[in-house]
Each structure stands twice: as C-alpha cells, then as structure tokens.
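Open the model in a viewer and keep the selection panel at hand. The stops below go from ring contacts to a pocket.

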Amino acid sequence: MSAIDPNRHDHGYLGTGPEEIRHAINNRLVYSIGKDPFTAVDHDWLQALSYVVRDRLIERWMDTHRNYSRRDCKRVYYLSLEFLIGRSLNNALLNIGFRDNTAQALESLGLDLETMQTLEHDAALGNGGLGRLAACILDSIATLDLPATGYGIRYEYGMFRQQIENGEQREQPENWLAAGNPWEFSRPEVRYLIRFGGQVQVSTDETGRLKHQWGGGDEVMAMAFDTPIPGYHTETVNNLRLWSARASSDFDLGCFNQGNYIKAVERKTLSENLSKVLYPDDSYAENQELRLRQQYFFVSASLQDIVRRFLQHHSDLKQLPDKVAIQLNDTHPAIAIPELMRILIDQHQLEWQPAWEITARTFSYTNHTLLPEALESWPLKLLEGLLPRHMQIIYEINGHFLEWVSNQHPGNHDLLRRLSIIEEENGQRVRMAHLAIVGSHKVNGVSALHTKLLKRETFADFHRIYPGKFINITNGITPRRWLHQSNPALSSLICDTIGSGWIDDLQQLERLLPLADDAAFRAEFAAAKRTNKLHLANLAARFLGTTIDPDSLFDVQVKRIHEYKRQLLNLLRVVTLYNRLHDDPGLDLIPRTVLIGGKAAPGYAMAKLIIRLINDVAGVIDSDPTIKGHLKLLFIPNYDVTTAGDIIPAADLSQQISTAGMEASGTGNMKLALNGTITMGTLDGANIEIHDRVGEENIFTFGLTADEVKESKARGYDPRRVYEADPELRRAVDQIAAGHFSPTDPDRYRSIVDSLLNGGDPFMVLADYRAYLACDARADRLYCDPDAWFRSAIINTARMGFFSSDRTVSEYAEKIWGITPVD
C-alpha cells in the first residue's frame, strides 16, 4: 500500500493544498455549475466541491486500470444487486487524505464542510445488510490494492423513502438522482443489448454440431455508469460499474406523426422501468417478473462486459478462469451461470464440457440466508417464457449433474429429488441456490454458525457430495466508514492514544485493552460517547420534534424489519417495562431510551404492522405522565447509511435478538460493538464470534441456541403454555390483543397475537421472553456502575479487529479468488 501526501502538488490543477483547493472550487463553480459566488446556493457549492474532489480521484483511477492492463493481472468481479455506498464526499476526502485542507479551503470561502456533507443524498442502491456488506467489500478491496470491479444496477429511485404517517409506514420514491450525481461518469459508448422472451432456433452446422440462435422478443440496452471507489491512503481507485436501462429505439416517429404521443414513447418508458426501483413489491406477479428481468439485465450486461474486456488481451477463452473470478453476492445474480454458458457455447462455439469447466472454475457463490423461503426460486414457466435459451441450458446442467450424482449414488432417487435444480413439488420451480452451488467452485457462508448449519442442514446433501466446496468467511465491516468517519469523537481519541495505524489494520485496536483499566481513559471514552448521544438527541429534536435524554441508556435495534429479527420481542420487553413503571412509578429502573429503526418490504404486511405497533406503544408511553423521564420508545424513520452513522456511535446497548439459527451473520452487531456498544443478543450469526472474542463478561447473551430451537420445535413447542404460565407476558400480549395501544381500532393487532398464540410462534418470541427480561436486568445492573460499563465497552472496541472487512477480503482473495495485491 503506497502512502499519499495530503499536500501533494502534481500540478496546479490537481494540487491538494488549501489554496489550490479553494481556487479549484471557484473554477468549478463558474465553469461547471455556471454560477458565481453571488448567485450560488448551497447545493451549487456542494456540486462544485464534489467535482473538485472527484478530479483528484480520476488520475489515480486511470493509473490503477492502466496498471491492471499492463500487468495482465487476474481480476475479481463482484456481482451484487445492492451496493449501499452511502455518501461519497466525506469517504473520498478521508480516504485520499486531504479532508483538513478542504475544510480550510471552504472556511476561506465562508463555507462549512460539515454543512456541505449533510446536503449530499445517500446513494439509494440497496436495502440493508447485503448492500452495505457489498460496499464494505469494495472499500477493503481497494484499500488492499486488489484488482476488482463491482457490478450492479443504477436504480433511479432506489428502494423507497420511508415516511411514518399515523404510525404507519408509507413508501415514497427515493429520487436520489434528482439533483444529479457528480461522482459518476456516464458511458454512452458502453452499451449491451439484453433480450427477453423470443424463440430459440436450433440448427446444425457443416460439422453436424448443434447451433442455438436466440432471437425475437423484447430488447433493451444496458448503459454503463462508472463510480470511482478509492482505497484508504493508497493510490488504488477501483471501479463500480452500474447499469441503467435504455430503450433499443427511443422514439416511434410514425406514431408521433399520427398524433399518438403516448404510443410514440411507450417502448422507451417500458424499457427504462427496468432500472427504476429496487425490489418492487413482489406480492404482484408482474413485479416478480420485473425482479427477474432486473437480475438478468444486470448479469447479462456485466458478463458481456467481462468477456469483452478479457478478449481485448487474450484469444483463448479457456484461460478465462486464470484471469477472471466472479463472485455472486447471494442468489440474485445466479442466472449468470447459464448466461456465461450461453455466451461460450452460442456466441463463441465452445463445446459443452470445456464451457462448463470454464464456468465452474470462474464462479463462486456467497450464501446469505438459512431461511428456506428466502432461498430464491422462480416458476419454471416464467423462466421459460422470459429466458427460453437459459432454461434449455439449466435443463442440461441439471441433467449432467443428476447423471453424475446417480453414478456416485446409484438407486438413491430421493437424493436426486432433493438435489435437483428443478423442484417438482408445489409447481415446478428453478432453485437458484442449487444452480449457484452446482455452477461454482466454492460456496461460502458468512459466519461460523451459518456455515455449520449450511453444511449440516440447509445444504447437507450438497456438502456430502462436494466435500471441500463449502467454506466459511465471516463477514466484516470497513473501519474507515464505521468508526473513522461516523464517530470522529472516538476516532480522534483512539488516534491520539495509539496512533492512526488501526484505520487500515484494525487488529491494532488491541493496544487499547490495558486502557480499559485506566480511569482517565475510561472517562475520555465516556465523554466521546456522550458527545455522540448529544448529537443524536439534537437530531431527534430537530427532525422528529421529540426530546430524548442523553443521560439515559440508549438501547438500540436498527435493522430491516422482519419477524425473525424479532422487533416484536423487543416490543414485548418495552411493554413489560412500561407496565412495571405504570404500576409502581417509584420503581428503581434506570432511565432508558429505546430506539428502533428499519424499513419493511412494501409487500410484507406483518412487518409493516409491527412498525405501526411500535409507534402506537410509543404514543401511549409518551402520553403517560407517570412514565416521563423513565422510559422512552422512539421509531426512527428512513433508516439508511447516513442515519446509521448518527445512531450507531451514540448507542449504549445493541439489540441483536434474532431467532437462533436464522441470522446468517449480521454486520450491524459488528458496527455497534466497534463503537463501544455492548451487545445483548442470542447466540446467532456473528454474535457467537463476537462473544468468543470479547468474553462472556462483556456481552449479554440469552435465549435458546439454534440446536435448542430445533429440539423444542421437534418436541411440539406450545407457545400458549408459555403465555399462560407467565403473568407478565400474558398481560403484555393481552394488552396488544385487546387494543390497549390502539383504542380506536381494538382488533388492529389481532393477527400479530394470532401468530404468537395460534400460529405456532415460529420465531420463538414467547419462548425467549423470560430469558430476555432476565438478561435485560443484568444490563441494568452493569449500567449502574459506569466504570464497569465503560470497561466492557472499551474491551468491545478493542476486540473488534477480527471483524474488519479487510480480513474478510483477504480471505476471499486467498481461499476463493486467487488474486494478489497490485502495487
């Protein structure tokens, strides 16, 4: 990794001293924005500043890619339907290393860098952990000087902007591109034709070889937009290439001349809908088809681009796996496997076997879920209609695979049924996870428990027939974004104490361990936490119009709203605490602010109902004068990367309470622990590895383990018996059922209660309730002893070195991709 001089003077235009930056901002304001300082508004200054910072990335970006080509190095291509990269300005300034100079330059212009940063929109290119992990991976790849490109979709509206109206989630378009995006470069010359539907014509050539010609149907063009991804204090700047849908023909002049103006642009509108929105509500059949179209759209464009780049420098496609590694981030890009086979066989006339060997050596697959319903599958008829050639290839892949399995295990028809890529029960469907496993040379889980359960349960048959294919690579987070950028108070304290080497070598945080017993350092650590809590309290007052006490315990659960993540269990705890305080206002409980944030998928009715229940309970608590100052519940809307950067540094207690065996890893748990937040959680996902590193005394664990959940269900778990045996639980559930929190609509939450009592409580909410409350009491006792609390908080921060995405990426590079750093 090469160092960067923050005061470098390459030449006047690209200098990074304060005076040169000031001059460059003024120039960009005039010549790029078309304003002068007297007419410019804040957003004009932001755009000018962003262009100035981007200019200082471009030369390194071009040098990086020229270097990759000159060295003919193997590259990794990371295919992900999501990239939650957040805001780019502060990230670029800190990674390149001239943030302080930029702040000075802005100050001389009468501007404030912090204010400029708040004007930037988050790039709305993802939903939750999957997209944020992808962004962390790209950051670490660049920081480690590894040759790579990310591929995804340039969503015009992202997922949605969450608003809360009358306690309910309302989805609004997230038009993050409305004011332009100064960080991207449009590449109108980089376009690829993507086909849907049509027919496959089969013929033979002069040698008798079968030829397949896919034609007809609908066509759309994929156009590239490139975003530079800088590493931290290195000259490496990698590329994120996002695809935007364009019509193959923009305008029907004949229709227009006939006065049919809508018809004239209909094809253009339909084509460009492909990249409008992330994850349309898939409770509608039309949106399920749109989602499959999106997946194939970006996969096909990416593979055409990868093969084109390879053939610029090589003529033998058999060398492709020696120069190209493609990582599938979950099953969304799994259609890439038959697409590469189609390109190799139909376009480059390779025979099946060499094409398959190339494909299987090129792809690897990261699995992110253990939930059967989340393992993506598509109706066979939908795939046949939309991608007829790919369905033919999938049939052939499955035929060869099952023949091989049958030879290994003759007569075991049940094994063939379980392993088949085509599911025959419940209507024929294509199991994309099976396709990804068969077509990849490595499959990895993302935490030790997750990988163990993949091998033992979810994909046990595949693990038996493919020994060595399944490996574990525990997820990680980038310390640049999640401590250095988001928590300047704590980052400065750490840098002043042990230096800045931890920013790209997180294991150095272990040097803080002896300081956990140093009273002066504990006081400084506590002061940094309080600074962050005051900041969050100010934001809550400003944007939500509510007051939160910075001296209360900030008890935080921020993540996607889903039943298995058990926001409902958290809520039952809050209702119980409320009841205790209401019954005895003099009860000695520490003041607590419970903060919950996260989006529910538009078609996920139960998750949206849980959000409304959270807000209804919060309203009752706020209106009860006996509770004031003791307990506060607040739902924070539109949880995104920027909001996370405000909440996570301020948190005291981190709620990681998923049903054991259902969370693959989680990365929010790592971000919170890195920022000196103590975890309260089940032994699930990466919680287990956090527990192992921080020690039993520095984490609050409770509840059934994954094995105990399985055993309890096998024994016939009866949630109603648990409910009837626990008076506090029964009271809380009955209050929800009877409309205590929704008096104008008493039956509003009947479906939630039915799920718990009559639906089998599939996520074991009631089973873990009492253990959760006991664990909560332990946390209360520790918080009453600030020295002991902050000693544990410091140990949490100090022990997070393992959870750096730099370590994660190094393992991918060594164990899967076979790539090395390029200086």
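Select phenylalanine 803 first: its relative accessible area is 1%, so it is buried (under 20% relative accessible area; exposed is over 50%, partly exposed in between; 1.4 Å probe, protein chains only). Rings of Phe, Tyr and Trp (its six-membered ring) pair if their centres lie within 6.5 Å; planes over 60 degrees apart are edge-to-face, under 30 stacked, the rest tilted. The count by this rule is 20 aromatic pairs.

This is a predicted model, in which local features need pLDDT of at least 70 and side-chain atom pairs 80 or more, while totals for chains, interfaces and linings use all residues. Residues are numbered from 1 along each chain as its sequence is written, and side-chain values use heavy atoms, without hydrogens and water.

Next, select Phe401, Trp404, Phe459, Phe462, Tyr466 and Phe470, which form one aromatic cluster.

Then show arginine 54 over the face of phenylalanine 185, 3.9 Å from the ring centre. Arginine 293 sits over phenylalanine 196 at 4.7 Å from the ring centre. The rule asks for CZ of Arg or NZ of Lys within 6 Å of the ring centre and within 35 degrees of the ring normal.

Last, select His65, Asp226, Asn239, Arg241 and Arg309: of the 17 residues lining the second largest pocket, these are the closest to its centre. A pocket is an open set of points on a 1 Å grid over the protein atoms alone, where a 1.4 Å probe fits, with protein on both sides within 12 Å along at least five of seven lines; lining residues have an atom within 4 Å of a point.
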